[in-house]
Amino acid sequence: MHRFANPGRFLRMTDRLLPACGVLTALCLGIGFYLALFVSPPDYQQGETVRIMYVHVPAAWMALFVYATIALAAASLLIWRHPLAAIVARVSAPLGAGFTALALATGSLWGKPMWGTWWVWDARLTSVLILLFLYLGLIALQNAFENPERGQKAAALLALVGAVNLPIIKFSVDWWNTLHQPASVTRLGVPAIHSSMLWPLLIMAAGFTLYFLTLLMLRVKSEILAARIRALKQAATARD
Amino acid sequence: MLDFLDMGGYAAFVWPCFGLAILLLGGFAAVSILRLRARQRELAALQAGRERQAP
């Protein structure tokens, strides 16, 4: 990990990886959307609404994955003071908030026809709503200070404290009574979902994950360039 | 075709989900790529200006 903490080396690595990752992301998402809409069968209970799953579940997984990424970056920022860790945390937060909002919106659109309500204040839904507020809090803190380094540190602390919400979200469907169904893919033994629905879901999830990693690299690269622009401008004003 | 668009009567729930997903994924990608391009241009211009001044 430490080898990639050097911005110059990171840029050289991303320049090699970005094109391939972009193509792979487009491919996975293209195939995923095609399978989700045209190939996978309607559910015998839920009918066509089951297609919402192919957007809802990957979005919810990414909401957790991105937060875990931010929490790891926050830890390495506080422990080793990696400058790249602060950038990773900053550029990931809006993406995570987006995925969380998407999971909540699609869940609502799925809940109305299947549960008969847009929203219930049960453990799974409420803990994911808290995750969205955590993301918004991170974004606000990261931008709230004159001195960006202080903002990054404050946000890193919030990210670490908020990480306690991740297992609560994951196990909320087991610990409390909820309308939300329990995990059907990531359980021990055989997944409780037929392969004709599991494959489109897994390809979609791979597409969402690749999408996040590609955009993460691209946005970190963008921030490194912005730092160089700032440095060059400062040098120029110092010379004048 | 109409059958497909109707989504078994659930069109009003299924299509907004896919629309939102594509909007979000496309939107973040477009904003990020445009911002990167703008910074690459600005950095190149700054570096070109420095090289002109240097000698």
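**Note on helix packing and the A–B contact**

1. The crossing of helices α2(A) and α3(A) is left-handed, a crossing being called left-handed when the near helix is turned anticlockwise from the far one by less than a right angle, and right-handed when clockwise. Helices here are DSSP runs (H or I, at least four residues; strands, E, at least two) numbered from the N terminus.

2. This is a predicted model, in which local features need pLDDT of at least 70 and side-chain atom pairs count only at pLDDT 80 or more, while totals for chains, interfaces and linings use all residues. Residues are numbered from 1 along each chain as its sequence is written, and chains are lettered from A and ligands numbered from 1 in the order in which they are written.

3. The predictor's confidence in each residue, pLDDT, runs from 0 to 100, and for chain A it averages 89, with 95% of the residues scoring at least 70.

4. Chain A contains seven helices and zero strands, and its C-alpha atoms fill a box of roughly 70 × 35 × 30 Å along the principal axes. Of its 240 residues, 38% count as buried, a residue being buried if 20 or more other C-beta atoms, placed from the backbone, lie within 10 Å of its own, exposed if 12 or fewer, and partly exposed in between. Contacts (C-beta atoms, placed from the backbone, within 7 Å) with a separation of 6 or more are, for 75%, between residues 24 or more positions apart.

5. Within chain A, helix α2 (residues 53-80) packs on α3(A) at an angle of about 155°, with the axes 8 Å apart; axes are lines fitted to C-alpha atoms, for helices over the stretch in contact, and angles run from 0 to 180 degrees between N-to-C directions. The two helices are therefore roughly antiparallel (over 145 degrees; under 35 is roughly parallel, 65 to 115 roughly perpendicular and the rest oblique). Their contact has 21 nonpolar, eight polar and no charged residues, where Ala, Val, Leu, Ile, Met, Phe, Trp, Tyr, Cys and Pro count as nonpolar, Asp, Glu, Lys and Arg as charged, and the others, Gly among them, as polar.

6. A:Leu138, in helix α4 (residues 123-142) of chain A, is buried, with 26 other C-beta atoms within 10 Å. Leaving aside residues up to four places away in sequence, A:Leu138 touches A:Ile70, A:Ala93, A:Ala155, A:Leu158 and A:Ala159.

7. The contact between the chains takes 28 residues from chain A and 24 residues from chain B, and the chain B side comprises 17 nonpolar, three polar and four charged residues.

8. Two backbone values deserve a look. Most residues other than glycine have a negative phi. A:Arg81, however, has a positive phi of about 55°; it sits in the loop between α2 and α3 of chain A and counts as exposed, with 12 C-beta neighbours inside 10 Å. B:Met7, with a positive phi near 50°, lies in the loop between α1 (2-6) and α2 of chain B and is buried, with 20 other C-beta atoms within 10 Å.

Notes:
Contact = placed C-beta atoms within 7 Å.
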